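Please consider the chain shown below together with its sequence.

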Amino acid sequence: MNNKGVGVTFCLISAILISAKYISASMFMSNVTSWDASLFHSGLEYVGPFLSRASIVALIIGLLFLGYGLYTDKK
């Protein structure tokens, strides 16, 4: 797999991690009878910052691989 493929894969991993954060927060809030923005925010706090940090790291790695792959193709 070339650098562009690895970059796209890491960007996909980043998108999956971000969606997992919001899906898990909504699953945590599934038994609530009334929805509120502050209530959903507390659900996101319950999930924690790990998925956000992991998705940012995966996005940065993916963009670096993608940029390097495009740079080597142009060179």
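The model is a predicted one. A starting point is charge pairing, since side chains of opposite charge can pair when their charged atoms come close. The structure holds one salt bridge. Its partners are Asp-73 and Lys-4, whose side chains meet with an N to O distance of 2.5 Å. This pair links distant parts of the chain, as Asp-73 belongs to helix H3 and Lys-4 to helix H1 (residues 3–28), 69 residues apart. Asp-73 has a relative accessibility of 51% and therefore counts as exposed, the threshold for that class being over 50%. Lys-4, with a relative accessible area of 28%, is partly exposed.

Aromatic rings provide further links. A pair of aromatic rings is described by the distance of the centres and the angle of the planes. The structure holds three aromatic pairs. One of them joins Phe-10 and Phe-65: the ring centres are 6.2 Å apart and the planes lie at 0 degrees, so this pair is stacked. Because Phe-10 lies in helix H1 and Phe-65 in helix H3, the pair ties together parts that are 55 residues apart in sequence. Phe-10 is partly exposed at a relative accessible area of 26%, and Phe-65 is partly exposed at 32%. Another stacked aromatic pair is formed by Phe-28 and Tyr-46, with 4.1 Å from centre to centre and 15 degrees between the planes. Here the link runs between helix H1, which holds Phe-28, and helix H2, which holds Tyr-46, across 18 residues. Phe-28 counts as partly exposed at 40% relative accessibility, whereas Tyr-46 is exposed at 59%.

Two serines can be read next. Ser-14 is found in helix H1 and, at 7% relative accessibility, counts as buried. Its side chain reaches the backbone oxygen of Ser-55 at 2.9 Å. Leaving aside neighbours within four places in sequence, Ser-14 is in contact with Ser-55, Ala-58 and Leu-59. Ser-38, by contrast, is partly exposed, with a relative accessible area of 48%. This residue is located in helix H2 (residues 37–47), and its side chain makes a polar contact of 3.1 Å with the side chain of Asp-36.

Ile-56, Ile-60 and Leu-64 make a nonpolar patch of about 310 Å². Among these residues, Leu-64 has its place in helix H3 (residues 50–74) and is exposed, with a relative accessible area of 59%.

Notes: Residues are numbered from 1 along each chain as its sequence is written. This is a predicted model: local features need pLDDT of at least 70, side-chain atom pairs count only at pLDDT 80 or more; totals for chains, interfaces and linings use all residues. Side-chain values use heavy atoms; hydrogens and water are left out. Patches are made of residues with over 30% relative accessible area and no salt bridge: like charges are joined within 9 Å, nonpolar side chains (Val, Leu, Ile, Met, Phe, Trp, Tyr) within 5 Å. Accessible areas come from the Shrake-Rupley method with a 1.4 Å probe; for residues, only the protein chains shown count as cover. A salt bridge is a side-chain nitrogen of Lys or Arg within 4 Å of a carboxyl oxygen of Asp or Glu. Helices (H or I, at least four residues) and strands (E, at least two) are DSSP runs, numbered from the N terminus. Buried means under 20% relative accessible area, exposed over 50%, partly exposed in between (1.4 Å probe, protein chains only). A polar contact is a pair of N or O atoms within 3.5 Å; within protein, one must be able to donate a hydrogen and the other to accept it, and residues adjacent in sequence count only if both atoms are side-chain atoms. Contact means heavy atoms within 4.5 Å. Rings of Phe, Tyr and Trp (its six-membered ring) pair if their centres lie within 6.5 Å; planes under 30 degrees apart count as stacked, over 60 as edge-to-face and the rest as tilted.
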